[in-house]
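Work through the exercises below with the sequence and the model side by side. Try each task before reading its solution.

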Amino acid sequence: MAQTIAVLSQKGGTGKTTAVRTLADAFRRSGVRTLAIDLDPQGNLSDYFDLPPDVTPTIAEVLRGSSQVPEAIHDDLIPANLTLAEAELMLGGKMGRELTLRRALAKTPEQYELILIDCPPSLGLLTVNALVAADQALLTAEAQYFALQGVEQAMEVVELARDGLNPELAVLGVLLNRADMRTVHSREALSSLKERFGEQVFDTVVRASIAYAESAERGASILDYRPDLGADYLALAEEVVERMPGLGEARERLARLSSVSR
């Protein structure tokens, strides 16, 4: 059974989608068979993987029940578009609505070892579905004044999902993303996160750069577009593997990838 990580943030602009895209690339290159799921109606992850906007079926059809997971997989990605917003409204009136994604993912092909879910930049029903379906939650925060508040709000939603619907859900870690550690502002943001959440904060800090937007525009992985920046995500992937023993076999391959990118 594939291990599932829901990647979420309280707001947009935290580099969450880039994190999902690049972690998926890193794990695939290390031999971990990884399925990515775009659960954001904006469809940014689907665009980043260079899928056409009219591709079907999508995660919306999966949530409606008109398609199953294997039918919606395109190049190891289940895409999304604006029809997902309609599907979310439909879920609002459905019994057991929080369990819809979890039940759908039970039919994921056995070839996959890891599932990464890119949640929408809000803490609504789609994010709750992702948390109920997940084994782990990875929270991203941007290096700005309200970083701590945003992570605390996301943690509250994780706790609600764990207490009511998914008692096995664990927090994989908190990632400080798009940070310029040369500035006092970024250093204070990291310090406040570590003071509040301790070892849950990843040691890896992803540097801020316009190159992420440029790579997304080209549909190219940052691992190829700017390997020096991609090294941050390879280091993050190594930390993820350390916290998820089931992926331990990928550790050495990730280390080799990291050494090449430096």
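The exercises that follow treat pockets, a cavity, nonpolar cores, an aromatic pair and some backbone angles.

This is a predicted model, in which local features need pLDDT of at least 70 and side-chain atom pairs count only at pLDDT 80 or more, while totals for chains, interfaces and linings use all residues. Residues are numbered from 1 along each chain as its sequence is written, and side-chain values use heavy atoms, with hydrogens and water left out.

**Exercise 1. Describe the largest pocket by its volume, its lining residues and their classes.**

Begin with the term: on a 1 Å grid over the protein atoms alone, a pocket is an open set of points with protein on both sides within 12 Å along at least five of seven lines, a cavity is a set where a 1.4 Å probe fits but cannot get out, and lining residues have an atom within 4 Å of a point. A volume is the space filled by probe spheres set on the points, which are joined across faces, edges and corners.

Next, take the volume, which is about 360 Å³ for the largest pocket. Its lining has 18 residues, and those nearest the centre are Met1, Ala2, Thr4, Ala133 and Asp135. Two or more lining residues come from each of helix 6 (100–105) and helix 7 (125–133); helices (H or I, at least four residues) and strands (E, at least two) are DSSP runs numbered from the N terminus.

Finally, sort the lining by class: 10 residues are nonpolar, three polar and five charged, where Ala, Val, Leu, Ile, Met, Phe, Trp, Tyr, Cys and Pro count as nonpolar, Asp, Glu, Lys and Arg as charged, and the others, Gly among them, as polar.

**Exercise 2. How many cavities of 30 Å³ or more does the whole structure hold, and which residues lie nearest the centre of the largest cavity?**

The search finds one cavity of 30 Å³ or more, and the largest cavity has a volume of about 90 Å³. Of the 15 residues that line the largest cavity, Gln10, Thr140, Ala141, Gly150 and Val151 lie nearest its centre. Strand 5 (136–142) and helix 8 (147–164) each supply at least two lining residues, and the lining comprises seven nonpolar, six polar and two charged residues.

**Exercise 3. Identify the members of the largest nonpolar core that touch the most other members, and then examine Phe27.**

A nonpolar core is a set of buried Ala, Val, Leu, Ile, Met, Phe, Trp, Tyr and Cys residues joined through side-chain atoms within 4.5 Å; buried means under 20% relative accessible area, exposed over 50% and partly exposed in between (1.4 Å probe, protein chains only). The largest core has 55 residues, of which Ile59, Ile117, Leu131 and Leu139 touch the most other members. A second, separate core has 36 residues, including Leu23, Val206, Ala211 and Tyr233.

Now turn to Phe27, which is found in helix 1 and counts as buried because its relative accessibility is 0%. Beyond the residues up to four places away in sequence, Phe27 touches Val32, Thr34, Leu114, Ala237, Val240, Val241, Leu247 and Leu254, a contact meaning heavy atoms within 4.5 Å.

**Exercise 4. Where do the two rings of the aromatic pair lie in the sequence, and how are they arranged?**

Rings of Phe, Tyr and Trp (its six-membered ring) pair if their centres lie within 6.5 Å, and planes under 30 degrees apart count as stacked, over 60 as edge-to-face and the rest as tilted. The structure holds one aromatic pair. Tyr212 and Tyr233 form this edge-to-face pair, at 6.2 Å centre to centre with 90° between the planes. Tyr212 lies in helix 10 and Tyr233 in helix 12 (residues 227–243), so the pair ties together parts that are 21 residues apart in sequence. Both tyrosines, Tyr212 and Tyr233, are buried.

**Exercise 5. Find the cis peptide bond and describe Asp50 and Arg178.**

Most residues other than glycine have a negative phi, and most peptide bonds are trans. A cis peptide bond joins Thr56 and Pro57, with omega about -10°, and Pro57 is found in the loop between helix 2 and helix 3. Asp50 lies in the loop between helix 2 and helix 3, has a positive phi near 65°, and is exposed at 56% relative accessibility. Arg178, in strand 6 (residues 170–179), has a positive phi of about 50° and is partly exposed, with a relative accessible area of 32%.
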